[in-house]
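Student: I would like a close look at one part of this model. Please start there and then connect it to the rest.

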Amino acid sequence: FFEGGFLPDFMQTLQYWHDQGIRMFKFDFVDLTAATPKAMATLSKDEIIRRNTDAFRDALAAFRTKNPDVVIEGFNGFGGTLDSTSYPFPFKDPVDLRWLSVLDAQYSGDPRPGDVPEMSFWRAMDIYSDHQVRRFEEAGLPIERIDSTGFMVGKTGTIYYRGMHAWKGALILMMARGGWMNTTHGNLELITDQDARWFSRVQSLFLHLQSEG
């Protein structure tokens, strides 16, 4: 980000899509350690991260100033350890609260098994998402700006081939955690029309609560 032509080109691309009507952007797997061979030979890893972070954050701030209607969320790469629920606090990978100046929300990790044994494997995944939201809140993120991404259904290894198992509890818990941005991932074609009506009812119940803070 901090040298060369990548960042200006990237921001031009974002502006192009905004001009086409896109208003929401999600950044995932940002690599703030990336650098040219010359920079890697002359700068420390911490300095590279600092320069990349400052350059990207400044560019996003300018983008938001020009386009105040955008919504931006940060996924992997913006801080916070996501591996498991067994590590000590504070995070080994600290949460940089300065990202809150340009991100509307930050996610706290894809669902995965927590370290608390449960009779139901899916409940162990709910515990992971609960734990992550509390950790991020303890680190200083406002709870309404934490996306637990706690609801995923699907046929892939990313979601442990869960299909639609225990999906209603996962949805209620995601909404109840208090985030104002709740990302839904997976094979959405598995959700039937009847499921979608139930999904909508849950969202409508929590919408009023969220609007009241």
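Which residues does Gly179 touch, not counting residues up to four places away in sequence?

Tutor: Gly179 touches Ile143, Glu144, Ile146 and Gln210, leaving out residues up to four places away in sequence. Contact here means heavy atoms within 4.5 Å. The model is a predicted one, so local features need pLDDT of at least 70 and side-chain atom pairs count only at pLDDT 80 or more, while totals for chains, interfaces and linings use all residues. Residues are numbered from 1 along each chain as its sequence is written, and side-chain values use heavy atoms, with hydrogens and water left out.

Gly179 sits in the loop between α5 and β6. Helices (H or I, at least four residues) and strands (E, at least two) are DSSP runs, numbered from the N terminus. Gly179 counts as buried because its relative accessible area is 2%. The cut-offs are these: buried is under 20% relative accessible area, exposed is over 50%, and partly exposed is in between, with a 1.4 Å probe and protein chains only. Gly179 also has a position relative to Thr149: the two are 30 residues apart in sequence, and their C-alpha atoms are 9.5 Å apart in space.

Now the elements around that loop. Helix α5 covers residues 167-176, and β6 covers 184-186. Helix α5 is also among the elements that cover the buried residues of α4, as are β3 and β4 (146-147). Helix α4 itself runs over residues 121-138, which makes 18 residues. From its first C-alpha to its last it reaches 26 Å, close to the 26 Å expected at 1.5 Å a residue; the expected span is 1.5 Å times one less than the number of residues. The buried residues of α4 include Trp122, Met125, Tyr128, Val133 and Phe136. Leaving aside neighbours within four places in sequence, Arg135 is in contact with Tyr87, Pro88, Phe89 and Phe91. Just after α4, Gly140 takes a positive phi of about 115°.

Next, the charged pairs. Side chains of opposite charge can pair when their charged atoms come close. A salt bridge is counted when a side-chain nitrogen of Lys or Arg is within 4 Å of a carboxyl oxygen of Asp or Glu.

Arg64 and Asp104 meet in a salt bridge of 2.9 Å, N to O. Arg64 is in helix α3 and Asp104 is in the loop between β2 and β3 (105-107), so the pair ties together parts that are 40 residues apart in sequence. Arg64 is buried, at 17% relative accessibility, whereas Asp104 is partly exposed at 27%. Arg23 and Asp69 form another salt bridge, at 2.7 Å from N to O. Here Arg23 belongs to the loop between α1 and β1, Asp69 to the loop between α3 (45-66) and β2 (71-74), and 46 residues separate them. Arg23 is partly exposed at 33%, and Asp69 is partly exposed at 38%. The structure holds 14 salt bridges.

Finally, the chain as a whole. Its secondary structure comes to six helices and six strands, and from the N terminus the elements run α-β-α-α-β-β-α-β-β-α-β-α. Of the 213 residues, 42% are buried, and Gly179 is one that counts as buried. Among contacts between residues at least 6 apart in sequence, 72% join residues at least 24 apart. The C-alpha atoms fill a box of roughly 55 × 40 × 35 Å along the principal axes.
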